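Have a look at it first, and then we'll go over what the labels on its parts are based on.

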Amino acid sequence: MKEISVQELKEKLDSGEDFQLIDVREDFEYETSNLGGKHIPLGGILIEADQVAKDKPVVIMCRSGKRSSVALHQLEAQGYTNLYNLQGGILAWQAEIDPTISVY
């Protein structure tokens, strides 16, 4: 499983790099705080797999990195090879990048 740090994600966002960010947390979690990624809760990731890009890098995130790794493995089993798990999820983002973001 390929992973990306929150610092690397911030660099991608700041540089305007072409990639897709997918947040697999539940609705209430996404509403509490998000980084602007496409919201596809983990339970629907295979149903909505057609919304996951195959032609550019895809970073998958959740609260801590556990659910996003599950989503990543499910998608890799469907043939995806362009996926990256966000290490530490939104908790790491708050700790290392933006302490003002709400977490739970």
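Q: What does "contact" mean when we talk about one part covering another?
A: Contact means heavy atoms within 4.5 Å. Keep in mind that this is a predicted model.

Q: What covers the buried residues of helix 4?
A: The cover includes helix 1, strand 4 and strand 5.

Q: Which residues of helix 4 are buried?
A: In helix 4, residues 89-96, they are Gly89, Ile90, Ala92 and Trp93. Buried means under 20% relative accessible area.

Q: Which residues of helix 3 are buried?
A: Ser68, Ser69, Ala71, Leu72 and Leu75 are the buried ones. They span an arc of only 160° around the axis, and therefore they lie on the same side of helix 3.

Q: Where does helix 3 lie, and what covers its buried residues?
A: Helix 3, residues 66-76, lies across strand 4 and strand 5, and runs at about 170° to strand 5. Strand 4 and strand 5 are also among what covers its buried residues.

Q: What is the strand order in the sheet?
A: This is an open sheet of five strands in the order 1-5-4-2-3, and the pairing is parallel.

Q: Why do strand 1 and strand 3 count as edges?
A: Strand 1 (3-4) and strand 3 (38-39) each have a single partner strand, so one side of each has no neighbour in the sheet.

Q: How do you know that strand 4 and strand 5 pair?
A: Two strands pair if there are at least two bridges between them. Strand 4 (residues 58-61) and strand 5 (residues 83-86) have three bridges, in the parallel sense, so they pair. Across that pairing, valine 58 stands opposite leucine 83 in strand 5.

Q: What makes strand 2 a partner of strand 4?
A: Four bridges link them in the parallel sense, and at least two are needed. Here leucine 21 stands opposite valine 59 in strand 4.

Q: How many bridges join strand 2 to strand 3?
A: Two bridges join them, and the strands run parallel. The cut-off is at least two, so these strands pair as well. Aspartate 23 has histidine 39 in strand 3 as its bridge partner.

Q: Why are both faces of strand 2 called covered?
A: Gln20 and Ile22 are buried on one side, and Leu21 and Asp23 are buried on the other.

Q: Why is lysine 12 called buried?
A: Its relative accessibility is 16%, and buried means under 20%, so lysine 12 counts as buried. Lysine 12 is found in helix 1. Leaving aside its neighbours within four places in sequence, lysine 12 is in contact with Ile4, Glu17 and Phe19.

Q: What makes us say that lysine 12 lies over the face of phenylalanine 19?
A: Lysine 12 lies at 5.8 Å from the ring centre, and the distance has to be within 6 Å. An angle test applies too: the charge must be within 35 degrees of the ring normal. Lysine 2 likewise lies over the face of tyrosine 84, at 4.8 Å from the ring centre.

Q: Is serine 5 buried or exposed?
A: At 15% relative accessibility, serine 5 is under the 20% cut-off, so it counts as buried. Serine 5 is found in the loop between strand 1 and helix 1. Beyond its neighbours within four places in sequence, serine 5 is in contact with Leu86 and Gln87.

Definitions and conventions
Residues numbered from 1 in each chain as written. Predicted model: local features only at pLDDT ≥ 70, side-chain atom pairs only at ≥ 80, totals over all residues. Heavy atoms only, no water. Axes fitted to C-alpha atoms, helices over the stretch in contact; angles between N-to-C directions. Buried < 20%, exposed > 50% of the residue type's maximum accessible area, 1.4 Å probe, protein only. Arc of directions from axis to C-beta.
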